[in-house]
Protein chains: 4
Amino acid sequence: MDVLKVGVIGCGAIGREHIKRLHNKLQGSRVVAVMDVFPESAQRGADLVGSDCKIYDNIEGIVNDSDVDALVVTTPGFAHKEPIMAAIKAGKPVFSEKPLATTAADCKEIVDAEMAGGKKLVQVGFMRRYDKGYRQVKELLDGGTFGKPLLAKCTHRAISVDPSYTTDMAVTDTAIHEIDCMHWLLDDDWTQVQVIMGADTKHAHEGLKDPQIMIFKSKKGYTVILEVYVNSNFGYDINCEVVCEEGVINLPAPAYPTVRKNQMISTPIEQDWINRFIDSYDVELQEWIDDTKKGEVNGPSAWDGYIAAVTADGLVASQTSGVMEDVSVGETPEFYR
Amino acid sequence: MDVLKVGVIGCGAIGREHIKRLHNKLQGSRVVAVMDVFPESAQRGADLVGSDCKIYDNIEGIVNDSDVDALVVTTPGFAHKEPIMAAIKAGKPVFSEKPLATTAADCKEIVDAEMAGGKKLVQVGFMRRYDKGYRQVKELLDGGTFGKPLLAKCTHRAISVDPSYTTDMAVTDTAIHEIDCMHWLLDDDWTQVQVIMGADTKHAHEGLKDPQIMIFKSKKGYTVILEVYVNSNFGYDINCEVVCEEGVINLPAPAYPTVRKNQMISTPIEQDWINRFIDSYDVELQEWIDDTKKGEVNGPSAWDGYIAAVTADGLVASQTSGVMEDVSVGETPEFYR
Amino acid sequence: MDVLKVGVIGCGAIGREHIKRLHNKLQGSRVVAVMDVFPESAQRGADLVGSDCKIYDNIEGIVNDSDVDALVVTTPGFAHKEPIMAAIKAGKPVFSEKPLATTAADCKEIVDAEMAGGKKLVQVGFMRRYDKGYRQVKELLDGGTFGKPLLAKCTHRAISVDPSYTTDMAVTDTAIHEIDCMHWLLDDDWTQVQVIMGADTKHAHEGLKDPQIMIFKSKKGYTVILEVYVNSNFGYDINCEVVCEEGVINLPAPAYPTVRKNQMISTPIEQDWINRFIDSYDVELQEWIDDTKKGEVNGPSAWDGYIAAVTADGLVASQTSGVMEDVSVGETPEFYR
Amino acid sequence: MDVLKVGVIGCGAIGREHIKRLHNKLQGSRVVAVMDVFPESAQRGADLVGSDCKIYDNIEGIVNDSDVDALVVTTPGFAHKEPIMAAIKAGKPVFSEKPLATTAADCKEIVDAEMAGGKKLVQVGFMRRYDKGYRQVKELLDGGTFGKPLLAKCTHRAISVDPSYTTDMAVTDTAIHEIDCMHWLLDDDWTQVQVIMGADTKHAHEGLKDPQIMIFKSKKGYTVILEVYVNSNFGYDINCEVVCEEGVINLPAPAYPTVRKNQMISTPIEQDWINRFIDSYDVELQEWIDDTKKGEVNGPSAWDGYIAAVTADGLVASQTSGVMEDVSVGETPEFYR
């Protein structure tokens, strides 16, 4: 296969970003069809590609178009399941933005369908695994000179969130990245999770608990402490420190000039996630294109999406209970190892 | 009073260090008497001062010597209470190395005796309050431009410990510093504490849980997360990050040259606490001398020593229970405000 | 023009890298022809592309092939002039690796030919202008909040060089990057240059002066101090500090994890230029493709190549004389402004 | 000698600071006499000590007072020579603030007198040798693992200077510190110096050249590049990088908290030299007290003061000539080795 012909389902903001990536920036793929339930959105998506892009208003049509080799799903989270299930049924590779689906039960259904089909087709868009810094950390951990990891401490800070952001979204929208990323980085599964609430910043809107401390225990006994702080008022600030038997590793921040001005030596912090992880999206989709053309799925799997959903449920439960909640994922099926 | 005439009780290693400080390095004090139950220790202490230093083998003698203006207690922890009580009875100022006493009950007895005497006399040797870096952080916090503190994250890492170090000493010997220091830094009292154990480093000796995560909740709702890791194998590494409403403050590490060598840019970390906090001891005792000459006690009080003991009890209980344990200190008496 | 059809002249190591970039990694270009005086080299270059790549053994052939839209010259430096002159004659855009040519006279001849042709066609491969960090510094400088630049200090350090590296190559191979890059960054021309020699490292081979300090004075009075140190024994270490009226800006180093190990906090330094500037090559050629398709030349021009050659001559002269040498470039022709 | 009885000559700002240091802060000295040509200044100095401090209005009196063991000279620079010569004549140790004297000839006269007396008595107040950071760098250099030093780069930046600061003061008031300090750090003597002027900051007052680049060549062939920039507008910023055969060493900046605020990670820079080097003054005078009591002079000698004066003359000459100027100090006399 010389060029991967992609159908994009969902032409909102992130969908259009991915259309541009797949069609204009990355190597080896073209967008040949788009779908959106809103005709004008679909048209806007198609316009990014040119006159030979087909436009669909239904999932069955685009998934079963014989010109379409693979699907990219960028609808809202609640609308991920249907196109993913359709792609599995059609035997076509499908990349879905995170989350895989909005409930653990729906994720499980996808997992079961994919296993029943006998072929790995689904990849979930946990883009942090493609961040250069996280990969450098993983390389050091896997290199062995740091021994076993014992602890990790993460921060996930944003400047502010709008009033629609609710307390549980600190898990489902924010911590969801660390749920997957730290599972991948430490190569381990979560067994228990806990949320500790405390004093709230005055910058949090009415009803929002912010910041929150989330604690993860893994099968091998590792502990991860995550600070979620979405009204930090100073920057989008992602940190990760892994404490090992033979030393400690810190995720690098992106490189910026250091400046001396006004009696301070300063380096900028990002304002938002877009700049912080923009390169990761490119790497993520380029690798997906390359893997898909080889008939492989090497990125985050449907099983990873299911794990994330179950773990998120445990954290949301602990937001109310305050105690350690069990994460009952079960053994990873042979199919996903 | 031109010169503060000090009697030092306990002439072991730390005692002799303090004798040299008080007599030779700091301004405004002289050591006029020493006491130790071991005559040769007492003699070694006295030898640091010169021929006119009196030597005692009992507490009553040195405490009630009319030449002695104030006492410094550097006996082992279990032997702190007796000389402190004697000093209170004699109405003389007394500086005791930490801990104030080894049980909360004994600490409470000292507190009660001091209050009954009607005059603040006791200071406890929590030297971190005198560290330049912690003071810089406190100044920023108190300056108001960072708003309310919400969270703090600390690490207390050592290279290794000897086989006599037991799991509870992670609280009583190690975390004890943060128990007091963070209480002072955040200007708040602890209400609940929890210890989370996990995977242990292979460098920990049989039976020792290492590392440990300790969690503190305060009256105002602040959360402190402390990593105690005493077999880190890489350095003596003290960190403290305070997350506030308007920004985040990090405790500075001591300044060392940065070097480029072997494809690395590196800065040293201390090997042990002696270098890390040596300046703090000087500042601590100089301020104690100056305050004592003015009839004041401005450092950590007997009440602070009592708080530390009660908090440590809660943490030790949680090392076994694994759940949040209450810290019941009660309201700070007017006497200590 | 949908796809830029490129002919690559010179199929050595750097040539083959560029063939892969142009054909497989970047967007909007294909390699349709290659040329090398060694048939097996040409074949190796063609093999990277596939069966429909034409192979030439002479410059006239590839330059005048009507299928070739633009040329990329990656022959050794002494063999740059001939293909560039041929491309100008054919009216085709040509990207040449640095240096433009090996003497100032040859560079001038190219400049004159290009101006006579009346159309900008030549771009020189000074890739530092495409480095993310240098671009961040330039953005800050051009943003105005730092005022006028007054001084800059650069280091260009490598771990070691092989015995064929001679003292003048510290200028022509090493400093050549800063000669162009600092001229671009400060938006100014050099008027005088000086080299200061001193004690040599024992790691320098017989006859090589290393390190060397090079000083540049600009028309606007700016001073640049460059340390060239090619047997630094520790890393490939590129630094640039620009001292301005309102503050100081430092070029960022690439981001790597910071690690704590063996009583040190450390961050890696690159081993060689390949990793340090690999991203710059991609950006450089992608922009060249995009510009060329629009009929523009926006990168380093033949005039910049000529400036670099004249400046290098001054520095080489000062390596012997030790005094300030004039750099007589003359006014930038209207054609190149 | 139990306590060193000091006479302080010159009771201006720096004199009074030293009186407080010697009398109240440091160990082992008392100020027993002060002298100033202005009676009210002398009185203010004496008042810092108490009623038993003698007051003199002439040099002969205080120098020859049999109660005075040693002298500290804190008059303006032009008035250093007379009290130093008197002290030498009286055979009494004398600490003089820098400069030793304002001309090389006067410095030479002091050197000759001291040698004629046959006993080292004079120490000059180059306090940077007592800065903790510089001492850490020296320790690394002397430790041998970095090999031979080859180059050093220094910055000496201040926020601003008042209109009385003239171009030559960039040498005599500012660079004078690096002249001595780098000579001590590298353990070598200067042979040639050069000043390079360039574009001036708009913050420099009329007639002042700022910044200036100063270049030092040493006997062993080391090169030092010093940036003097006294209207930097951002901070008091002292840096020193020593480039060696086996690596590079950077002087540490003083430790301050790092803060995250307003999309920046920042650390403060000092506003002025007082904070930056205040600890150095304490160490310097404490060591002088201790050495003097032992009959030794281990700090910067009269010969170091003479070297500084001759080197400064060379730099001031080069400020006008622009070329390398010779520094003719001659061999260090056996007396001063």
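Trainee: In what order do the six strands of the open sheet in chain B stand?
Mentor: In this predicted model, the sheet of chain B is open and its strands pair in the parallel sense. Neighbouring strands are turned by 25° against each other on average, direction ignored. The order of the six strands is 3-2-1-4-5-6.

Trainee: Why is one side of strand 3 and of strand 6 of chain B left without a neighbour in the sheet?
Mentor: Strand 3 (54-56) and strand 6 (122-125) of chain B each have a single partner strand. One side of each is therefore left without a neighbour, because both stand at the edges.

Trainee: Which residue stands opposite B:Val94?
Mentor: Strand 5 (residues 94-97) of chain B pairs with strand 6 of chain B over four bridges, in the parallel sense. The residue opposite B:Val94 lies in strand 6 of chain B and is B:Val122.

Trainee: What angle does the direction of helix 8 of chain B make with that of strand 1 of chain B?
Mentor: Helix 8 (residues 273-293) of chain B packs on the sheet, where the strands touched include strand 4 (70-73) and strand 5. Its direction makes an angle with that of strand 1 of chain B of about 125°.

Trainee: Which element gives the largest share of the side of chain D that touches chain A?
Mentor: On this side, 14 residues of chain D are in contact with 14 residues of chain A. Strand 13 (258-261) and strand 14 (264-268) of chain D each give two or more residues. Five bridges also join strand 14 of chain A to strand 14 of chain D, in the antiparallel sense. The largest share, five residues, comes from strand 14 of chain D.

Technical notes. Residues are numbered from 1 along each chain as its sequence is written. Chains are lettered from A and ligands numbered from 1 in the order in which they are written. This is a predicted model: local features need pLDDT of at least 70, side-chain atom pairs count only at pLDDT 80 or more; totals for chains, interfaces and linings use all residues. Two strands pair if DSSP finds at least two bridges between them. Axes are lines fitted to C-alpha atoms, for helices over the stretch in contact, and angles run from 0 to 180 degrees between N-to-C directions. Two residues are in contact if their C-beta atoms, placed from the backbone, lie within 7 Å.
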